[in-house]
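This report describes one protein chain, from its overall layout down to single residues. Please look through the sequence and the model before reading on.

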Amino acid sequence: MALGSASRYAEQPFVLLISDRPSERAALERSIALVMDCRAVDAGAALPAERPHLIILDAPPDRALALETAYRTAKPPVPRLVLARGERPFPMGAHLRVLPATTSRQVVLANVFALIEEATRSAKMRARRLGEHVTGATAIVADLFDSAALGAGLQRADIDRGTELVLAAVSEVGIGAWLEAVWRHDIGVYQHTLGVAGHAATFGSQIGLGRADLDRLVRAALLHDIGKSRIPVDILNKPGALNAEEYRLMQRHPDIGATLLKTQGEFEPEVLDVVRHHHERLDGKGYPDRLAGSAISDLVRIVSICDVFSALTERRTYRQPASGPEALAIMVEAQGHLDPDLLRAFAPVMLGSDALAA
Ligand SMILES: [Fe+2]
Ligand SMILES: [Fe+2]
């Protein structure tokens with residue numbers, strides 16, 4: 001079952017009440033609405049795109065199970081209350097409370113209010129932790145770029161800490177909430193770096209990378225544009241297209257970045273490879289080395305996809321960002337640039353259905 005972009009937050013938190021019993025649905029809706037917005041829908045109706053604060057499921061056993069399963073892996077978790085019917089016990093799960101459908105309305109309501117209270121408390125805690133993670137990661141990225149610009153050494157420990165913060169935040173709240181926080185927090189190259197790192201963390205987990213590979217991928221994403229620290233700010237922030245000379249300078253950032261890290265001597269060759277080659281294309285028309293096909297490593301291919309997707313969907317002062325589906329269409333159309341198999345694997349991240357990633 002596809003929930004589309006169910007990872008998006010609604011303006012106002014709401015309880016989603018799914019019930020095939022119209023009079024019971026209307027009665028519960030009235031009472032819940034006194035406490036929080038309540039969207040009441042029939043058990044066969046389409047699900048809202050925004051994530052609910054809490055879901056109440058009152059449907060025949062198979063339908064209830066299908067709906068519950070659709071929300072089970074949402075990030076962050078959505079608490080569910082199931083009013084169970086039938087003989088078979090409803091399978092238990094995290095953030096799930098099950099009551100018999102015969103429970104009195106007053107007891108159901110008391111449970112609903114307790115779950116709303118619990119969900120509000122955890123949402124506040126998550127928001128606070130996410131804020132801390134974004135602030136911490138932004139400070140680290142800002143420091144990296146400042147140190148690189150000044151010719152000072154990059155602290156490997158800081159980059160590892162940044163990697164940890166990105167991975168912790170994305171696994172806890174999902175890429176949607178991470179990007180919302182990153183985009184609120186800062187602009188420009190730091191925002192881009194944290195966006196690429198967030199996408200890399202999500203994509204890497206989705207394709208089942210082990211912890212060491214995942215760490216390396218996120219570290220490479222955090223460092224991929226470090227060479228931009230030596231590109232003049234007015235070129236970096238220029239609204240609109242660059243002229244030929246500016247473009248030539250800008251194209252030097254992969255080489256500058258890789259040289260910088262190599263001099264430092266603390267970074268693995270795979271990370272240097274990403275920094276130097278993230279603008280190569282499979283058809284050999286990229287830069288700086290015009291690598292083609294198998295000469296481009298998997299790690300580079302993954303970061304290139306995250307890089308292009310982030311760049312297309314970021315807010316810039318001079319243009320509207322592309323939506324996930326628009327960005328995907330642009331990337332699929334640009335044949336010869338990105339790895340088509342990896343693009344297919346990345347599509348769920350681009351289409352915003354990370355809330356359902358298993
Ligand atoms: Fe770049
Ligand atoms: Fe980039």
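Of the contacts in the protein chain with a separation of 6 or more, 64% join residues 24 or more positions apart; two residues are in contact if their C-beta atoms, placed from the backbone, lie within 7 Å. The model is predicted, and local features need pLDDT of at least 70, side-chain atom pairs count only at pLDDT 80 or more, and totals for chains, interfaces and linings use all residues. Residues are numbered from 1 along each chain as its sequence is written, while chains are lettered from A and ligands numbered from 1 in the order in which they are written.

**Overall layout**

The C-alpha atoms of the protein chain fill a box of roughly 70 × 40 × 35 Å along the principal axes. The chain has 13 helices and 5 strands; these are DSSP runs numbered from the N terminus, with helices being H or I of at least four residues and strands being E of at least two. Of the 358 residues, 38% are buried. A residue is buried if 20 or more other C-beta atoms lie within 10 Å of its own, exposed if 12 or fewer, and partly exposed in between, with C-beta atoms placed from the backbone.

The domain assignment gives domain 1 (14–103) and domain 2 (126–356); such bounds come from an automatic or database assignment. The C-alpha centres of domain 1 and domain 2 lie 38 Å apart.

The 5 strands form an open sheet in the order 2-1-3-4-5, with parallel pairing; two strands pair if DSSP finds at least two bridges between them. Strand 2 (37–41) and strand 5 (96–100) are the edge strands, each pairing on one side only.

Two pairings involve strand 3, and both are parallel.

| Strand pair | Bridges | A facing pair of residues |
|---|---|---|
| Strand 1 (residues 14–19) and strand 3 | 5 bridges | Val15 and Leu54 |
| Strand 3 and strand 4 (residues 80–84) | 3 bridges | Leu57 and Val82 |

The chain passes from strand 3 through helix 2 (residues 61–72) to strand 4, a right-handed β-α-β crossover. Right-handed means that, with the strands pointing away from the viewer, the path from the first strand over the helix to the second runs clockwise.

How many residues of strand 3 (residues 54–58) are buried? The count is 5 of its 5 residues. Leu54, Ile56 and Asp58 lie on one side, with Ile55 and Leu57 on the other. In a regular strand the side chains alternate between the two faces of the sheet.

**The nonpolar cores**

A nonpolar core is a set of buried Ala, Val, Leu, Ile, Met, Phe, Trp, Tyr and Cys residues joined through C-beta atoms within 7 Å. The largest one has 61 residues, and Ala200, Val218 and Ala221 have the most contacts inside it. Helix 4 (residues 156–185) gives the largest share of this core, 13 residues. Apart from this core lies another, of 25 residues, including Leu17, Ile18, Tyr71 and Leu83.

Leaving aside neighbours within four places in sequence, Ala221 is in contact with Val196, Ala197, Ala200, Val303 and Cys306.

**Phe203**

Phe203 lies in helix 5 (residues 188–206). Phe203 counts as buried because 27 other C-beta atoms lie within 10 Å. Beyond its neighbours within four places in sequence, Phe203 is in contact with Ile302, Cys306, Phe346 and Val349. Phe203 and Val303 are 100 residues apart in sequence, and their C-alpha atoms are 9.6 Å apart in space.
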